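Take a look at the model below.

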Amino acid sequence: MSLKTTAPTTLEAEFQSLDRQWKEACSVLSSTSAMVAHPAYKSIIDLGPPVVPLLLREWEKEPAHWFEPLKAITREDPVSPKDWGNISAMTSAWLAWGRQRKLL
């Protein structure tokens with residue numbers, strides 16, 4: 001009998017650790033510039049393309065400011081200029097982008 005493992009992969013574990021560090025450090029910040037300058041946030045970007053599905057899945061569960069990592073990693077921006085600044089519309093655009101690419 002084969003048992004399905006639920007242990008996170010190394011990438012998932014690293015992402016979860018960085019995500020937790022970033023959220024704990026930045027939860028009291030109102031400055032987007034300060035949030036995106038945090039070392040854990042930059043380390044998430046450094047994980048590269050394999051982290052994109054993890055970012056999108058995390059976003060489905062809990063809102064966070066993942067716009068910059070997604071743009072930096074994918075070199076794309078599915079958000080219409082008319083929606084810039086509308087966090088809900090921006091998030092929806094990225095999640096739709098991920099679904100279209102079968103990343104979610």
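Phe15 is buried, at a relative accessible area of 3%. Buried here means under 20% relative accessible area, exposed means over 50%, and partly exposed lies in between, with a 1.4 Å probe and protein chains only. The model is predicted: local features need pLDDT of at least 70, side-chain atom pairs count only at pLDDT 80 or more, and totals for chains, interfaces and linings use all residues. Residues are numbered from 1 along each chain as its sequence is written, and side-chain values use heavy atoms, with hydrogens and water left out.

What does Phe15 pair with? A search of the whole structure finds 6 aromatic pairs. Rings of Phe, Tyr and Trp (its six-membered ring) pair if their centres lie within 6.5 Å; planes under 30 degrees apart are stacked, over 60 edge-to-face, and the rest tilted. The ring centres of Phe15 and Trp66 are 5.9 Å apart and the planes meet at 50 degrees, so this pair is tilted. Phe15 sits in helix α1 (residues 10–26) and Trp66 in the loop between α4 and α5, so the pair ties together parts that are 51 residues apart in sequence. Trp66 is buried too, with a relative accessible area of 0%. The rings of Trp59 and Phe67 have centres 5.0 Å apart and planes at 70 degrees, so they are edge-to-face. Trp59 and Phe67 are both buried.

Ring pairs also build a cluster, made of Phe15, Trp22, Tyr41 and Trp66. A contact means heavy atoms within 4.5 Å. His65 lies in the loop between α4 and α5. His65 is buried, with a relative accessible area of 18%.

Now step back to the whole fold. The protein has 6 helices and 0 strands. From the N terminus, the order is α-α-α-α-α-α. These elements are DSSP runs numbered from the N terminus: helices are H or I with at least four residues, strands are E with at least two. The C-alpha atoms fill a box of roughly 55 × 30 × 20 Å along the principal axes. Of the 104 residues, 38% count as buried. Among contacts between residues at least 6 apart in sequence, 54% join residues at least 24 apart.

How far apart are the end C-alpha atoms of α6? Buried residues of α6 include Ala89, Met90, Trp94, Leu95 and Trp97. Their cover includes α4 (52–61) and α5 (67–74).

Two backbone positions deserve a look. Most residues other than glycine have a negative phi. Arg75 has a positive phi, near 60 degrees. Arg75 is in the loop between α5 and α6 and counts as exposed, at 76% relative accessibility. Lys102 also has a positive phi, near 60 degrees. Lys102 is in the segment after α6 and is exposed at 70% relative accessibility.

Last, the surface. The protein exposes about 6600 Å², with carbon and sulfur atoms supplying 55% of it. Accessible areas come from the Shrake-Rupley method with a 1.4 Å probe; for residues, only the protein chains shown count as cover.
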